Amino acid sequence: MTTAPCRRKIPMTLRVFLLAILVAGSASAATPNARSAPAKTAAPPMVFYVAKGAPDACGRGCDSWIAVEGQVDASAALRFKKFLQRAGNRNLPLYFHSPGGNLDQALAMGAALRERHAVARVARTVVRECGFEAQDSEVCLKLKQSGRELRSDLWTRGATCNSACPYLLLGAATREIAADALLAVHSARVIVHFRGGMPTAEMKAAATERGIERADRMLSGYIAKMGGDIGLLELARSINFESMHVLTREQIVRFGLDRREFVETPWTFENNGRSMARKAVVERNDADKSWRTTLWRIVCFNADQFELDLQRPAPASSGFPTLTISSGTSVAQYFKSPPAKLQGFEIWGLRMNKEGVLALMAEPQFDFTETAQSAGKRLAHTAKLSNEGLGRALASLTETCPPPKNIALRHTVGAGDAVAK
């Protein structure tokens, strides 16, 4: 962006150009406080494309979305507005995955989102047609820039919206941040360019200060207009540009980025090291207003034997807790006690046969009940969790499971099938 010439201690032939940018490296879920941003090569310029996934990939009745990914570059806003015009009135949700970038451009994009009354979320779009090519490879980027609708999958786990991206996201009328997606902020960095001569150190410092003040004014007005909380900017100001702060769920809600106090992901299949179906849940405790994230996964030992695991922060009190799940009119199933403990977390396991897994999948939701004894009183809390995506995730998981033991024995015995019954 260009400003008027400096009026103080700057010759008429020396003009100053200010550019406020917010760029950061990837964030980590394991370090929710401020940390140094890792040095890395710059992300590719931002791209926009329509992606098509499996039925209900982006919610019930939704199989297509707009992917917005990469660095917010100096011409991103104009390209974004042209893309939205070409997209017409399809009313597709937008999924962001970005390290940040040019602040002016991000705010212009946010304003365009508000005009469209858009739904914005954070997730990585993985284009299947890229095959074994990296998603940011030259081959894959050409596909994403082709204007075609691309067959894709959505992944919220570890997806990031950093630096300028949370402000861009704030422009959407509806904002939904998944339980396992990450948002990070830090202070603005102002780049000062002079033309027409060599500035003094005093001129550089004065111009930089003016640029920071201008960025703060822009952000303050923008946040107020979009219905956010100015605390977001106050926090960002306190984080050095070279570092980042990953927003906690409490901050995401308090700053108005997503005000939901109960958020869960659909079940998804992962085949990264070990095959599993997984989901994440974040919720606010009504009693003490604390926040808790629980991670669920289903793994298989063979095609007939499965385990449902739950990972949650270890509670401060030890009140002989009991954890159960039930579905429909089925009898409650109990997790094995005591749980395994690891670095402030506890992991509960429940062995299930195939019939039990299918019974769980048959209902649209299941009840998760936590019961504990405290001060002689029995306390119970039940949450209803969605089975969205479970059928598809289990189908993919089952394909990776070893055969049942008795089938393996038949194959070993060969002609003596009558021996193994």
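Axes here are lines fitted to C-alpha atoms, for helices over the stretch in contact, and angles run from 0 to 180 degrees between N-to-C directions. Helices (H or I, at least four residues) and strands (E, at least two) are DSSP runs, numbered from the N terminus.

This is a predicted model, in which local features need pLDDT of at least 70, side-chain atom pairs count only at pLDDT 80 or more, and totals for chains, interfaces and linings use all residues. Residues are numbered from 1 along each chain as its sequence is written, and side-chain values use heavy atoms, with hydrogens and water left out.

**Stop 1: a helix pair**

Select residues 354–361, helix 8, and residues 390–400, helix 9. Their axes come within 10 Å and cross at roughly 155 degrees. Helix 8 is therefore roughly antiparallel to helix 9 (angles under 35 degrees count as roughly parallel, over 145 as roughly antiparallel, 65 to 115 as roughly perpendicular and the rest as oblique).

Now show side chains. Helix 8 brings Val357, Leu360 and Met361 to the contact. Helix 9 brings Leu390, Gly391 and Leu394. Contact means heavy atoms within 4.5 Å. Five of these residues are nonpolar, one is polar and none is charged (Ala, Val, Leu, Ile, Met, Phe, Trp, Tyr, Cys and Pro count as nonpolar, Asp, Glu, Lys and Arg as charged, and the others, Gly among them, as polar).

**Stop 2: Ser98**

Go to the loop between strand 5 (94–97) and strand 6 (100–102), and pick Ser98. Is Ser98 buried or exposed? Ser98 is buried, at 1% relative accessible area (buried means under 20%, exposed over 50%, partly exposed in between, with a 1.4 Å probe and protein chains only).

Find the backbone oxygen of Gly70: the side chain of Ser98 reaches it at 2.8 Å. Leaving aside neighbours within four places in sequence, the residues in contact with Ser98 include Met46, Gln71, Thr160, Asn162 and Cys165.

**Stop 3: a cis peptide bond**

Select Ser337 and Pro338. The peptide bond joining Ser337 and Pro338 is cis, with omega about 5 degrees. Pro338 lies in the loop between strand 21 (333–334) and strand 22 (340–342).

**Stop 4: positive phi**

Which loop holds Asp56? Look between strand 3 (47–52) and strand 4 (64–69). Asp56 is not a glycine, yet its phi is positive, near 65 degrees. Asp56 is partly exposed, at 33% relative accessibility.

Finish at His117, in the loop between helix 2 (103–116) and strand 7 (119–122). His117 also has a positive phi, near 55 degrees. At 59% relative accessibility, His117 is exposed.

Terms used: A polar contact is a pair of N or O atoms within 3.5 Å; within protein, one must be able to donate a hydrogen and the other to accept it, and residues adjacent in sequence count only if both atoms are side-chain atoms.
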